[in-house]
Amino acid sequence: MSTESRTLDPDLLLVERVVAGDQKAYGLLVMKYQRRIQRLVGRMVRDPDLVEDIAQETFIQAYRALHQFRGDAQFYTWLYRIAVNTAKKFLLKIKHDPTVSENFFASNDEDETSWRKDEPIADETPETVLAAKEIAMVVNAALDALPPDLKQAVTLREIDGLSYEEIAEVMACPIGTVRSRIFRAREAISAKVRPLLEKQTGKRW
Amino acid sequence: MTRFSISSESAEHISALSDGQLPQEQLAATLEALLAEPNAKQAWLTYHVVGDVLRSAELAPTPSDLDFLARFEQRWAQENGSGSVRTHGVGGFGDMGGAVDHGTGFGAQHSANAGVLRWRWVAAVACTVLAGVVGLGLSWDTPDARQASVAPAPENTQTLWVSSEEQGVMVRDARLDELLAAHRQQGGHSVLQMPAGFLRNATYDGAAR
């Protein structure tokens, strides 16, 4: 395995593939960011169908505007703004509908940072809440059960956001070792999470 | 072999790719595998779920999350007028393929709800149009018009009837009259103390008063 590494933004790589005509690459971006976008929209809107609708519209708008994404900012930052603007447009349109109750709106504030952060997500049922909590518990328990070097590597990467180079410096090991430890940590945690994801989809992975 | 039925080497490459740490020479092959193999996509998704959940429990996936891409593909296909989700000749957005079965479990449930969502929007639009009709006094084409003084209507517009009464020429609308009669039955003016001019006209009912 080559020890040479170069930081290549995976989002930018996928965007380039999409712009070049590979629509499947966009599916990977959707898979990566869908939950974050839906949670964001869910803090602005109560109706679960509308949350879904806005999230879908966000990804459609982003897909259509992808050729305009220059990589100056992070892809998620760009996507985030599209989501907020899309949600605001939907809400503005609905606000002028006299048949819609005020309870429909999560907040009257223009500033999305003040929207309902502590309230349940719009499309939650007790079952989905439990299923999601179970996954969160299993992930954290699996993290705690990791050998110390794997736990440290994946924590520095996923929670502290350090680059491989920085982690290598902190852990006093080669970058290749960092890469291997992070991978093994992910695999170990995934082994515990996968059965729960299978249960949710009703399909064996 | 990993839990995802792909080689350890492939899985490690996907892990490194997700961190932007994959060497250039391994990039093309890893991307190809990722885009072509459902098991590779599972690994991609699961690694990102793990990372997201470590950062925030709120990002733990629900069943709906796991089926989002399939619904997105359906919507894309509908919006682009394609009968199939496979557009652009590259196989659509490439959901999990056989890995997530849309014919069972939560996949089928969300597919069944897609039509409900469409009808909710149709109903919302219809209500908005009706509110506009009542408020602005636009007329509907009904067979029992009292008088016809109809200017030639351009295509796709409503037809109005004009009646000459004591109070002057009034544009009447049979459907509006129906709605106003129902409104009076409910108790008449409930909101405004002093009806504005157009509302006075809207409540005009000639000989009935």
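Modeller: Buried means under 20% relative accessible area, exposed means over 50%, and partly exposed lies in between (1.4 Å probe, protein chains only). This is a predicted model, in which local features need pLDDT of at least 70, side-chain atom pairs count only at pLDDT 80 or more, and totals for chains, interfaces and linings use all residues; pLDDT is the predictor's confidence in each residue, from 0 to 100. Residues are numbered from 1 along each chain as its sequence is written, chains are lettered from A and ligands numbered from 1 in the order in which they are written, and side-chain values use heavy atoms, with hydrogens and water left out.

A salt bridge is a side-chain nitrogen of Lys or Arg within 4 Å of a carboxyl oxygen of Asp or Glu, and the count over all chains is 22. One of them pairs B:R75 with A:E57 at 2.4 Å, N to O. B:R75 lies in helix α5 (residues 68–79) of chain B and A:E57 in helix α3 (residues 48–65) of chain A, so this pair joins two chains; helices are DSSP runs of H or I, at least four residues, numbered from the N terminus. B:R75 is buried at 14% relative accessible area, and A:E57 is buried at 13%.

Another salt bridge links B:E79 and A:R64 at 3.5 Å, N to O. This pair also crosses between chains, from helix α5 of chain B to helix α3 of chain A. Here B:E79 is partly exposed, at 37%, and A:R64 is partly exposed, at 39%.
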